[in-house]
Every structure is written in C-alpha cells, then in structure tokens.
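Welcome! Try each task before reading its solution.

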Amino acid sequence: MESILYSEKVPDTGWGVVSLPNSDIFFEFKKGLYLRIFLGYFILFGLVLVFIWRLWVEDKLRLNAEEDLKRSRDFLEDEVERRTRELEQSERDLQKTFMYAPYGMVIINNQGIIEQINDRAEKLFGYRGDELIDKSIDVLLPKKFHKLYARHLDSFNRNKKTRLVGQGRHLLGVKNSGEQIPVEVELSSLEHSEGEKIIVSITDVSKLLMAQNKLMEEHERAMVTLSSIADGVITTDIDGEIQSINPVAEKLTGWASNEAIGRHITDVYQVIDERTGSKAEDPVVKCLSSKAIIELGIETVLIHRKGM
C-alpha cells in the first residue's frame, strides 16, 4: 500500500508491524460511502415528498369530488322537493277541477269500475257520497247500451284515443230513481300514480234537445206559413244560397223547390229593367251587402226560368 510508511515481521510469529501515516487511509472510501448515503437519503426524502404530494392531491380531488357530489345531491334534493310540491299542487288543482267541473265526471279503471265521481255527476244521477264507488259504470246506463259501451271501452283500452260514445246520437243515462235522461259520454285517458285510468265525461243534453225540438217546431210552423201565403217567398243564408222557396215563388220563377234549394239566389231570381231590357241590379245581393230592406222599382220585371 502506498500509504504504509514502514513494515517489519516479528520473528517466530506470523505477526508484522506496520507504520501508517497520521492521515485516514479510508477517507476516500468513507467519502464515497457518505455521498451514497446522502444521495440515498435525498432520493428517499424526494420519494416521501412525492408520496405526500400525491396523497395531498388525491385528498384534494376526493374533497372536491365529495363537494361536487354534495352540491349535486343538494340540487337534486331541492329539485325533487320543488317538483314534488308542483305535482302536489297540480294534483290538488286537478282534484278541484275534477270535483267542481260543470259537467259530470267519473274516473274508472280499465274494467269499468268506478273509483271516483265528482259533485256534478252525483247531482246529475241522484247519488250521494261514495254510493257508486267500486260499482260498474253500467249502473248509470240503460241495459240496451251496455254492449255498446263495452265495445267502446274495449276499443279505447287498445288505442287510448279520446272519443265520444255513440257519436252522432245521444245516449241515455239512468238516475238513481230510474229516470232516464239524454246524455253525451266522452272517454279520455288519465295518467295516474296508481296506473292508467279513464275519465268518463257525462253531459246532460236535455235542455239542448228541448231547444232543438223547439227550433224544429218553429221552423216547421214558418215553413207552413210560407207555403200558405199568397206572395212568393225565397229565403237564403248570408252567402245568398237558397234555403227555401214557397209554391208561389216556384210558379213565378219556374224553379221547383228541389232544384232551387242550394243554388245561389242569382241563378233563380233574375230581374230586368222593363224600359231598357237590361239586367237590373240584383236587389237580393244589394240587401245582403247593405243589410237593409230593398224595394223594387215599378219598372222592374222578374224573368221566368223559361224566359217568360
């Protein structure tokens, strides 16, 4: 070794004497070892810092995610609460509308069993409270209409389209007393929390039929009067289309009633100026446009269908 100053073997022994300088011969070795230890600690410290940083980042992300989740949960809870309040209010409003509707309304299931009935329907049919609950809707209809209603209910359950039962004619309803009344019945679908239901709207048309019958009677009396008077009379609608023509007017114009009705007045009622022979201003058209009574001049002549 270069750093050994002197060495000598001890006689008769395996020992030797070595003289070393005062400097540390392991300095370089220890220096390298300390450096490696420092580097090791430095790397370890760095790894610990990275590990701690990653834990902090992950914890931050977790806290942010939890905060976002909490905000979303709070928002959803508020939204659900708001929608629940709206639905409850809507249901209350619907219930009020149903109970106090101006016409009879009955809620039934798909089998036609009554589940709810409003005040108007109770008064219309003469029932009180829950007398009709869990009974078939058939109790409100005469037996002769049971099959017709059953067909409409079956068809409605298949396509869920709002419809009038017996459209084009009036059905009859049966009161609690047994009295029959003319009614119109409409079926419509209702989405309910307990499943799909059917709303049966029932309108009493007794007064409507009475008014129609009275109008028909008055019309018939008017037609009898028009047919019996000595003057020719033609009636039109506001567009000038002929609605009726009495026998005297048929003779004067040469147009039979079945031919004239539906035509415009100018096709049947034609007048000319006797002095000039030119077509006179049509008084009927003038009357319709001015909405006033128009009188013909003494020189005006009515032209017969055959030109006479």
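**Exercise 1.** In which sense do strand 11 and strand 12 pair, and over how many bridges?

*Solution.* Keep in mind that this is a predicted model. Begin by finding strand 11 at residues 270–273 and strand 12 at residues 300–303. The two strands pair in the antiparallel sense, over 4 bridges. Finally, look at the two faces of strand 11: Val271 and Asp273 are on the covered face, while Gln270 and Ile272 are on the uncovered one.

**Exercise 2.** Find the aromatic pair and work out why it counts as stacked.

*Solution.* The structure holds 1 aromatic pair. The partners are phenylalanine 38 and phenylalanine 42, with ring centres 6.3 Å apart and planes at 25°. Planes under 30 degrees apart count as stacked, so this pair is stacked. To finish, check accessibility: phenylalanine 38, at 51%, counts as exposed, and so does phenylalanine 42, at 55%.

**Exercise 3.** Which residues line the largest cavity?

*Solution.* First, the count: there is 1 cavity of 30 Å³ or more. The largest cavity has a volume of about 50 Å³. Its lining consists of Phe125, Ile137, Leu140, Leu141, Tyr149, Val185, Val200 and Ile202. Sorted by class, that lining has 8 nonpolar residues, with no polar and no charged ones.

Note on methods
Residues are numbered from 1 along each chain as its sequence is written. This is a predicted model: local features need pLDDT of at least 70, side-chain atom pairs count only at pLDDT 80 or more; totals for chains, interfaces and linings use all residues. Side-chain values use heavy atoms; hydrogens and water are left out. Rings of Phe, Tyr and Trp (its six-membered ring) pair if their centres lie within 6.5 Å; planes under 30 degrees apart count as stacked, over 60 as edge-to-face and the rest as tilted. Buried means under 20% relative accessible area, exposed over 50%, partly exposed in between (1.4 Å probe, protein chains only). Two strands pair if DSSP finds at least two bridges between them. On a 1 Å grid over the protein atoms alone, a cavity is a set of points where a 1.4 Å probe fits but cannot get out, and a pocket is an open set with protein on both sides within 12 Å along at least five of seven lines; lining residues have an atom within 4 Å of a point. Grid points are joined across faces, edges and corners, and a volume is the space filled by probe spheres set on the points. Ala, Val, Leu, Ile, Met, Phe, Trp, Tyr, Cys and Pro count as nonpolar, Asp, Glu, Lys and Arg as charged, and the others, Gly among them, as polar.
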